[in-house]
Amino acid sequence: MLKQYDNRDLLSCEPRMLKAVMYPENIMMAPGFYPAYTDCSIEAKPSMYVLQLRDILLGKRKGFSDDIELEQGLTGLCLRLNYPIDNSPCEVVNPAAYSLFTEAGCFVARQTAASPMSVSFKGGHNRESHNHNDVGSFIFAKNGVQILADPGTGKYCKDYFGSKRYTFFHTRSDGHSLPIIGGEGQKPGKEFCARDVRVDGDEFVLDIAPAYGIEGLSSIERRFSFTETSASVTDRFDYS
């Protein structure tokens, strides 16, 4: 509505919004495939309505395709009246081979024309929204199919959001690609986190020992190496 009034939109009013709306391109591992961290569904993908609306605001398209069901009422009517039908393709494309989310400690190496493989690694902490105790976990996929997977969201119920949350397989560390140390997984809380997260050449490195909170465990350096044809994970433990 702002754009129709004087050609303004939220993206030009607030520059940080541009970074936010480009999230699908940056988190994408392969066309139509996105990592399912925390309570994200393994089938999650951006809404075509939202993608087309974003591209209208960015000036990339003139209107919605005729197969988009706009909401009923005045809003949907105004959108149809003010924007012509535009059936040009709407795709999520990112030519960059990698994305690094520095604050979240998340890394994505995308599928490319030269390689069908894609990988994503997760740092962060264990008090994220819809948290799983999964600091240091990773996903490996080929042609957009998970080979080494994250389970995504569990079945929503009262206990899943209560004191028994971390009794569920989907939220525990053993439900993810993580070591169990002396029978213990990671603990929930913001202090249980990754540290020293960095990209080192063609490797992604982080220390996940703080996520366990185990006395005498100094570090667990988890090092991911990846090329166009292979990927490996090496854990180096330092403990007394």
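What follows goes through a surface patch and the aromatic contacts of this structure. The model is predicted, so local features need pLDDT of at least 70 and side-chain atom pairs count only at pLDDT 80 or more, while totals for chains, interfaces and linings use all residues. Residues are numbered from 1 along each chain as its sequence is written, and side-chain values use heavy atoms, with hydrogens and water left out.

The aromatic side chains give 16 pairs (ring centres within 6.5 Å; planes under 30 degrees apart are stacked, over 60 edge-to-face, the rest tilted). In one of them, the rings of Phe121 and Phe226 have centres 6.0 Å apart and planes at 40 degrees, so the pair is tilted. This pair links distant parts of the chain: Phe121 lies in strand S3 (residues 117-122) and Phe226 in strand S10 (residues 217-226), 105 residues apart; strands are DSSP runs (E) of at least two residues, numbered from the N terminus. Both phenylalanines are buried, that is, under 20% relative accessible area with a 1.4 Å probe and protein chains only; exposed is over 50% and partly exposed lies in between. Phe121 and Phe226 also belong to one aromatic cluster with Tyr98, Phe107, Phe138, Phe204 and Phe224.

Tyr160 and Phe168 form an edge-to-face pair, at 5.4 Å centre to centre and 80 degrees between the planes. Tyr160 is buried at 0% relative accessible area, whereas Phe168 is partly exposed at 24%. Arg165 lies over the face of Tyr160, 4.5 Å from the ring centre; the rule asks for CZ of Arg or NZ of Lys within 6 Å of the centre and within 35 degrees of the ring normal.

Elsewhere, Met17 lies in helix H3 (residues 16-21); helices are DSSP runs (H or I) of at least four residues. Met17 counts as partly exposed because its relative accessibility is 31%.
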